[in-house]
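This report covers a protein–DNA model.

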Number of protein chains: 2
Amino acid sequence: MNSTYQISKPVRLGMEVYDILLKKLMSLEIQPEERISVDKLARELGVSQTPIREALSQLEIQGLVLKVHLSGYRAASQLTRKQFDDLCELRLLLEPAAAAKAATLMSVGELDELSTLAARMEEPSPSDPRSAYNAFAQQDARFHAEIARASQNDLLREIVTQQRVHLHLFRLRFYARVTQDAIVEHAAILDAFRRRDPSGAATAMRAHIENAHARFKSVYED
Amino acid sequence: MNSTYQISKPVRLGMEVYDILLKKLMSLEIQPEERISVDKLARELGVSQTPIREALSQLEIQGLVLKVHLSGYRAASQLTRKQFDDLCELRLLLEPAAAAKAATLMSVGELDELSTLAARMEEPSPSDPRSAYNAFAQQDARFHAEIARASQNDLLREIVTQQRVHLHLFRLRFYARVTQDAIVEHAAILDAFRRRDPSGAATAMRAHIENAHARFKSVYED
DNA sequence: TCTCCCGATTTCCGATCCGATTTGATATCG
DNA sequence: CGATATCAAATCGGATCGGAAATCGGGAGA
């Protein structure tokens, strides 16, 4: 009834904990394989164990933490070579198709938004490589998420954004090299969108993913 | 130390509840949109609320139940036309590719197993259409799951099997029509596997999915 | 007859508690 | 000295409890 005053909405403590943990995991504040104690976290955050469990239960299904019965939770380990390849293969099945659909379905406004995102990624980055990567990663995630959304297939969008989290954690190890290459490849995708060229968009997206794959292949060869 | 006697392993009550709820949802014992009360279930199953919450939390992420804050859980509603189309589109991206990989990677043993599954689906079904569909659905799910597994991409397999649950719930409305058509299409897929023909397998899988889509399209037109 | 309001009941969310099991460090033995 | 047994502390899974919000039903008023 009252539009000016905020109605005090009850918070979902479990969700808050989820967000906090997700940030900690994404920023490596909680390292891979690190043990995560439920009651330690409960004391730390000043809440009871119940919402902690709820959050961890959700993170487990997303593959970000691993539960061992009667032993506790651990942050997931880094992607193995096999898992990384599987992820790339999956992306090659989904994202080029999403890009192709997006090329025809995307509105002018969405295209503008995407262009803005790409432009922002070209801006000179802070000298600190860590925060430079953080800025990049956030834009990059949105870039891909927007394309997935423009495909107008909600299921596709969900899966793409979901899997991207793992990719982020993987890249976090090598944030120095990633940014520059991605920028020119994003430009190619945008060009295809501007031309309303589905197969061109798919091809550009495919190249983008395959290059990313190739860039990190060396990592596993030692 | 003792290999003959089973070591009494502590059970994960939460998992048990999860399995029970999954069965109830898949068999429509819990109907779409039906409210699911945590402490009612707790009394019913003779356990506390804690494992119930854990199970429901997992089901929520799989999209099988829906949580409204401070209001409770509800079984998910039937797929809308849009969601159904999205699901089909996703399957067309994933399963033909999985079939193509499977055609080259599948071992002879796995191929035999798949043939057995397909053969079992051709057996005369019980006269009761309901249990006939149940038998069919179980084999059908395994058929697709085995193909996804043979693709040797764990991520792909997970997503395919995951999404299949929703398809099952959808089809449950119309179990009469489904079975017969699927059998001959499965045979076509198997033929391609026997010929070790990736693109043939992909094509057959694609046709299978598109036919399934077409068969149910009429449902939404009234 | 329909709508609105109000109270009782249901039910959820989060907190706390407890028995059972793992973990890890120390002590003991070969 | 290394491996195994032992024991204490940490921690999990599940049970129980209390406050708060939503739902449901009945009754009053238009």
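## Chain contact

Two residues are in contact if their C-beta atoms, placed from the backbone, lie within 7 Å. Chain B gives 20 residues to the contact and chain A gives 20 residues. On the side of chain B that touches chain A, the elements giving two or more residues are helix 3, helix 4 (81-105) and helix 7 (154-171) of chain B. Helices (H or I, at least four residues) and strands (E, at least two) are DSSP runs, numbered from the N terminus. Helix 4 of chain B supplies the largest share of that side, seven residues.

By class, the side of chain B that touches chain A holds eleven nonpolar, four polar and five charged residues. Ala, Val, Leu, Ile, Met, Phe, Trp, Tyr, Cys and Pro count as nonpolar, Asp, Glu, Lys and Arg as charged, and the others, Gly among them, as polar.

## Model and numbering

The model is predicted: local features need pLDDT of at least 70, side-chain atom pairs count only at pLDDT 80 or more, and totals for chains, interfaces and linings use all residues. Residues are numbered from 1 along each chain as its sequence is written, while chains are lettered from A and ligands numbered from 1 in the order in which they are written.

## Sheet of chain B

In chain B, three strands form an open antiparallel sheet in the order 1-3-2; strands pair if DSSP finds at least two bridges between them. Strand 2 of chain B is joined to strand 3 (residues 72-75) of chain B by four bridges.

## DNA strand D

DNA strand D is surrounded by 21 residues, where near means a C-beta atom, placed from the backbone, within 6 Å. The closest include A:Val38 and B:Ser48.
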